[in-house]
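Try each task yourself before reading its solution.

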Amino acid sequence: MHHGKVPMFRMRPHKGILVTAGAVLLLGVLFYYDGHRDPGNIPAHHRSSLGLAVAVIVSGLLFIVATGRMWFKHLWHDRYR
């Protein structure tokens with residue numbers, strides 16, 4: 001299959017995971033905006049702020065996963081060609 005060699009991974013981020021991170025962040029912002037439309041609903045303000053915080057954390061983790069190989073210089077080599 002690979003003739004005993006380890007396959008080389010690309011130095012590009014995973015596009016699908018980056019798109020998912022962007023979608024999660026966008027949904028979090030939309031949830032935040034929807035929760036703050038009514039100025040008198042204080043519990044909705046707190047829930048939407050919490051939802052935005054969770055969306056930012058999940059989106060950040062997805063970004064780290066998508067660009068994970070670029071964070072470590074020892075993975076940048078191409079010795080298996």
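The exercises below use a predicted model.

**Exercise 1. Check the length of helix H1 against its number of residues.**

Solution. Start with the count: H1 covers residues 15-35, which is 21 residues. Next, apply 1.5 Å a residue, remembering that the expected span is 1.5 Å times one less than the number of residues.

**Exercise 2. Work out which residues of H1 face inward and which face outward.**

Solution. First, look for residues with under 20% relative accessible area, the cut-off for buried. In H1, Ala21, Gly28 and Gly35 are buried. They cover an arc of only 65° around the axis, so they sit on the same side of H1.

**Exercise 3. Describe the setting of Phe31.**

Solution. Begin by placing Phe31 in helix H1. Its relative accessible area is 42%; because buried means under 20% and exposed means over 50%, Phe31 counts as partly exposed. Then list its contacts, leaving aside neighbours within four places in sequence: Phe31 touches Arg47, Ser48 and Gly51. To finish, take the pair Phe31 and Leu52: they are 21 residues apart in sequence, and their C-alpha atoms are 7.1 Å apart in space.

**Exercise 4. Find the salt bridge and say how accessible its two partners are.**

Solution. The count comes to one salt bridge. Its partners are the side chains of Asp34 and Arg37, with 3.3 Å from N to O. Now take each partner in turn. Asp34 has 44% relative accessibility, so it is partly exposed. Arg37 has 57% relative accessibility and therefore counts as exposed.

**Exercise 5. Is His45 buried or exposed, and what does it touch?**

Solution. His45 lies in helix H2. With a relative accessible area of 16%, His45 is buried. Beyond residues up to four places away in sequence, His45 touches Gly35, His36, Asp38 and Pro39. With one of these, His36, there is a polar contact between the two side chains, at 3.3 Å.

Definitions and conventions
Residues numbered from 1 in each chain as written. Predicted model: local features only at pLDDT ≥ 70, side-chain atom pairs only at ≥ 80, totals over all residues. Heavy atoms only, no water. Helix = DSSP H or I, 4+ residues; strand = E, 2+ residues; numbered from the N terminus. Buried < 20%, exposed > 50% of the residue type's maximum accessible area, 1.4 Å probe, protein only. Arc of directions from axis to C-beta. Salt bridge = Lys/Arg side-chain N within 4 Å of Asp/Glu carboxyl O. Polar contact = N/O pair within 3.5 Å; in protein donor to acceptor, adjacent residues only side chain to side chain. Contact = heavy atoms within 4.5 Å.
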